[in-house]
Amino acid sequence: MSETYCYNADPAEGNFTILNNTCIRDPRLTARAKGMHTYLMSLPSNWRLYKTELVKHFKDGIDSINSAIKELVEFGYVEITEQTRTKSGKFSSKAYGFHAKPIKKNAEDNRNGFAVTVKPSTVEPLTVKPVLLTTYELNTEKQKTELANQHFEGSESVFVQTVKRLFFGEYPFDAKFENEVLTFLEKTAIDNTQIEAYLDYVYCRTKMGKVQKSFEGLYHKLALSSSIVRDFKLSRQITSEREDATLQKLEACPVCGHPANVLTCCSNCGFDMQDRDDNAKVFKARQILNWSPEEMAAYEKETKLLSSKIPGGRAELLSNTRLKEQYDRELAAIDEKFGLKKVED
């Protein structure tokens with residue numbers, strides 16, 4: 001018994017997809033149907049996509065997929081080019097041809113209760129692999145489509161990701177900034193493995209500097225400063241020497257008592273060991289440690305919401321004393337709401 005399959009009846013050549021806008025702009029169709037149409041139209045020629053495989057490529061279930069195909073059939077974007085029945089009279093298979101634009105259906109095309117608009121193709125399927133889209137791999141034995149084991153990583157560079165982390169998810173610079181900094185660092189013999197550390201260092205130096213116009217402007221200026229590069233290299237050397245001396249230096253975490261490296265976060269409770277001498281942070285972390293997971297999640301949700309309301313993001317918070325005071329007051333209100341006490345006297 002053969003299976004129901006779909007194929008692209010109007011394929012475009014090449015490792016790209018050219019789509020006619022008719023379906024995309026058709027107000028009669030649901031987003032689900034348009035998405036299905038776009039996906040099928042991206043397939044190469046001589047490509048059969050069986051329903052048993054199609055369902056693996058979408059989070060939607062088989063009912064949703066059938067509904068989308070039925071909708072496209074109704075409005076003429078899909079034709080049923082082949083149907084076979086078992087001896088009992090039940091349909092055993094169908095072939096759905098997807099078209100870029102709606103095809104016209106005529107009354108005389110109805111045969112045995114279903115529409116046949118085109119004579120089924122008698123061309124044998126390819127027995128060798130054609131040039132395919134990079135996201136697919138052909139199984140020539142069964143003529144089925146399988147999604148390749150390809151992971152689509154985020155396209156943002158480490159540079160952009162680091163800047164966004166520092167600026168509360170924002171990238172407040174123009175498109176030339178990254179290339180300017182990377183070209184500058186290449187000339188100063190700072191390799192790519194140090195990019196993130198360098199951007200962090202520039203951020204710390206920016207906080208120490210005198211902001212005249214904007215925090216972002218000062219950061220931009222310092223990132224391209226030869227003196228900052230010199231200081232960064234010196235700090236890396238000093239830090240490396242200190243890390244070598246304290247690599248095995250462990251202390252009991254002041255929050256949970258678990259042994260932890262003084263330069264990192266505690267692997268048991270996540271407390272930053274570099275804040276171990278800050279009594280306020282230690283006292284607050286000890287209280288949170290005793291919370292239930294639900295309480296921790298609720299507290300984190302509210303603090304993140306507070307941070308998202310800061311106009312200009314973290315940079316503005318650091319450079320605006322009045323805004324910082326307001327933020328501290330609202331954070332204190334959240335702490336009070338959750339029953340967090342202030343540091344013990």
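**The pocket, a loop and a helix**

If we sort the residues that line the largest pocket, we find 9 nonpolar, 1 polar and 9 charged, where Ala, Val, Leu, Ile, Met, Phe, Trp, Tyr, Cys and Pro count as nonpolar, Asp, Glu, Lys and Arg as charged, and the others, Gly among them, as polar. Please keep in mind that this is a predicted model, in which local features need pLDDT of at least 70, side-chain atom pairs count only at pLDDT 80 or more, and totals for chains, interfaces and linings use all residues. Residues are numbered from 1 along each chain as its sequence is written, and side-chain values use heavy atoms, with hydrogens and water left out.

The lining comprises 19 residues, of which A280, K281, K284, L331 and D335 lie nearest the centre of the largest pocket. Two or more lining residues come from each of α10 (279-289) and α13 (321-337), and α10 gives the most, with 6 residues. Helices here are DSSP runs (H or I, at least four residues), numbered from the N terminus.

Let me move to the loop between α7 (195-208) and α8 (215-223), which is where Q212 sits. Q212 is exposed, with a relative accessible area of 73%, exposed being over 50% and buried under 20%, with partly exposed in between (1.4 Å probe, protein chains only). Although Q212 and S319 are 107 residues apart in sequence, their C-alpha atoms are 9.8 Å apart in space.

Finally, in α8 the buried residues are F215, E216, L218, Y219, L222 and A223. These residues lie on the same side of α8, because they cover an arc of only 160° around the axis, taken from the directions from the helix axis to the C-beta atoms.

Definitions and conventions
1 Å grid on protein atoms, 1.4 Å probe; cavity = no way out; pocket = protein on both sides within 12 Å on 5 of 7 lines; lining within 4 Å.
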